Amino acid sequence: MTPTLLAAAPTALPHTASDSRLLLAVLLSIGAIVVLITRLKLHPFLALTLGSALLAVVAGAPFDKLLTSFVTGFGATVAGVGLLIGLGAMLGKLLADSGGANIIADTVLARTGRRALPWAMALIAAVLGLPLFFEVGVVLLIPIVLLVARRGNLPLMRVGIPALAGLSVLHGLVPPHPGPLVAVDALKADLGVTLALGLLIAVPTLIVAGPLFARVAERWVGPLSIPETVAPTATEESEKREHTPSFGAVLVTILLPVILMLGKALVDVVVDDPKAMPQRVFDFIGSPLIALLAAVLLGMLTLGRAAGFSKARISTTVEKSLGPIAGIVFIVGAGGGFKQTLIDVGVGNAVSEWSGKWHISALLLGWLIAVLIRLATGSATVATITAAGIVAPLAAEMSTTHASLLVLAIGAGSLFFSHVNDAGFWLVKEYFGMSVGQTLKSWSVMETVISVVAIALILPLSLVI
């Protein structure tokens, strides 16, 4: 789901598998992963590793290339998502131990009625999600979501789903996220028109997939305990602490990555010269890794020191934040390894070939191709890039608005039904402490609702503009 995951894509596993053999390999590997986790209670990291091996073997890929493919995907995912998870855990621990997360949660609860909390969380997530990668938004929002649920005595799904929907809708439909930006470039669409239409589609989509679907997900999933290992509650000591960070300081610390990334996006659009010094500077400070690192360093002052922590106490807090998320990093990394194996055995190419035989409208075709690649590879960004490349010739004869709608149709398809081959699936599962089945009934269905509602809005809109 991040650009780093694309770096390894060109290295493919040599194979001679037929389309039917590839399909069998995908179905068997995904089925094996689900059975190993749900029935045999095998750790997801091991299940994903074994599933990747099964996929390569059934697809007929040379066994000596399997390890390289899996390790490449694992490394690319950990290098991107893993580092962000680690920095996010540090910031979350500082927020929790200093009382900063309590301050945000109390402020949201005080100014928002209990019934309006899901809508407030959707709005907060959408604002934060405008310039942020999905993973960055998750690690920033999780402490707040869990504390709002705990203090507001609300089911976790009721506030968690709107927050996830806010992030995901923006990730798939609105530039400056990498998928939409690449599609805009590939289809020669107008960035401003795409941004405006993306926001127009995003608002009703978020309402349906967020606060409204949250009620359904709550019934399907059932009661969830709030995991304290991911976002620990403040200790009694911090609850009674004389010195606590101010609301303004906490807000500035949380929003710093948002501001830096949004600044990068604006400079990229205004300057549009990779060699210009302003763009080079903002490309650096606005990258997710640097932006989150800056927030952690600032948080040591605005959260740790403001709460009266000594230097040793701040160091201990940061150190203790990494232990609980080690398992999450390995699981997400293994999901990236499985996804890379899927790509390297040729599943994406097979989907591209199948799509050439269809005769339907360009918007629906772009959506369907993105859906198939998303289901096969697990990557929204890969699905967007591949689908945009396939339908790019069709965009040459389109109007400005229809080219932008094609970008949005592809983006909507790229979000369809996230499951076990998506690193984001495991990220959400572990952060919310859900089982595989609960994650499928909540997160996966939510992603599908976003995809279907968005294309259902895009198609009729194309008839009137």
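Reader: What should I know before I start?

Author: The model is predicted: local features need pLDDT of at least 70, side-chain atom pairs count only at pLDDT 80 or more, and totals for chains, interfaces and linings use all residues. Residues are numbered from 1 along each chain as its sequence is written, and side-chain values use heavy atoms, with hydrogens and water left out.

Reader: How many helices and strands does the protein have?

Author: Helices (H or I, at least four residues) and strands (E, at least two) are DSSP runs, numbered from the N terminus. Here there are 21 helices and 0 strands.

Reader: What share of the residues count as buried?

Author: Buried means under 20% relative accessible area, exposed means over 50%, and partly exposed lies in between (1.4 Å probe, protein chains only). The protein has 465 residues, and 57% of them count as buried.

Reader: What share of the contacts joins residues 24 or more positions apart?

Author: A contact means heavy atoms within 4.5 Å. Take the contacts with a separation of 6 or more: residues 24 or more positions apart account for 83% of them.

Reader: Which residues does isoleucine 161 contact?

Author: Find isoleucine 161 in helix α7. At 1% relative accessibility, it counts as buried. Set aside its neighbours within four places in sequence. Isoleucine 161 then contacts Ala209, Gly210, Phe213, Ala214, Ala217, Ser442, Trp443 and Met446. Look at glycine 210: it is 49 residues from isoleucine 161 in sequence, yet the two are 5.7 Å apart in space, C-alpha to C-alpha.

Reader: Is glutamate 218 buried or exposed?

Author: Glutamate 218 has a relative accessible area of 18%, so it is buried. It lies in helix α9 (residues 191-221). Not counting residues up to four places away in sequence, glutamate 218 touches Pro155, Met157 and Arg158.

Reader: How do I read the packing of α17 and α19?

Author: Axes are lines fitted to C-alpha atoms, for helices over the stretch in contact, and angles run from 0 to 180 degrees between N-to-C directions. Under 35 degrees counts as roughly parallel, over 145 as roughly antiparallel, 65 to 115 as roughly perpendicular, and the rest as oblique. Helix α17 (residues 362-377) packs against helix α19 (residues 400-413) at about 25 degrees, with the axes 7 Å apart. The two are therefore roughly parallel to each other.

Reader: Which residues of α17 and α19 make the contact?

Author: From α17 come Ala362, Leu363, Gly366, Trp367, Ala370, Val371 and Arg374; from α19 come His402, Leu405, Leu406, Ala409, Ile410, Ala412 and Gly413. Sort them by class. Ala, Val, Leu, Ile, Met, Phe, Trp, Tyr, Cys and Pro count as nonpolar, Asp, Glu, Lys and Arg as charged, and the others, Gly among them, as polar. This contact has 10 nonpolar, 3 polar and 1 charged.

Reader: How do α17 and α21 cross?

Author: The axes of α17 and helix α21 (residues 436-464) come within 10 Å and cross at roughly 165 degrees. That makes α17 roughly antiparallel to α21. Leu363, Leu364, Trp367, Val371 and Arg374 of α17 meet Glu447, Ser451, Val452, Ile455, Ile458, Leu459 and Ser462 of α21. The classes here are 8 nonpolar, 2 polar and 2 charged residues.

Reader: How many aromatic pairs are there?

Author: Rings of Phe, Tyr and Trp (its six-membered ring) pair if their centres lie within 6.5 Å; planes under 30 degrees apart count as stacked, over 60 as edge-to-face and the rest as tilted. The count is 7 aromatic pairs. One is phenylalanine 70 with phenylalanine 74: tilted, 6.3 Å centre to centre, 35 degrees between the planes. Both lie in helix α3 (residues 63-98), 4 residues apart, about one turn of the helix. Both phenylalanine 70 and phenylalanine 74 are buried. Ring pairs also link Phe45, Phe70, Phe74 and Phe330 into a cluster.

Reader: What is the phi of asparagine 153?

Author: Most residues other than glycine have a negative phi. Asparagine 153 is not a glycine, yet its phi is positive, about 55 degrees. It sits in the loop between α6 (134-151) and α7 (156-173). At 61% relative accessibility, asparagine 153 counts as exposed. Lysine 188 also has a positive phi of about 55 degrees. Lysine 188 lies in the loop between α8 (178-187) and α9. Its relative accessible area is 69%, so lysine 188 is exposed.
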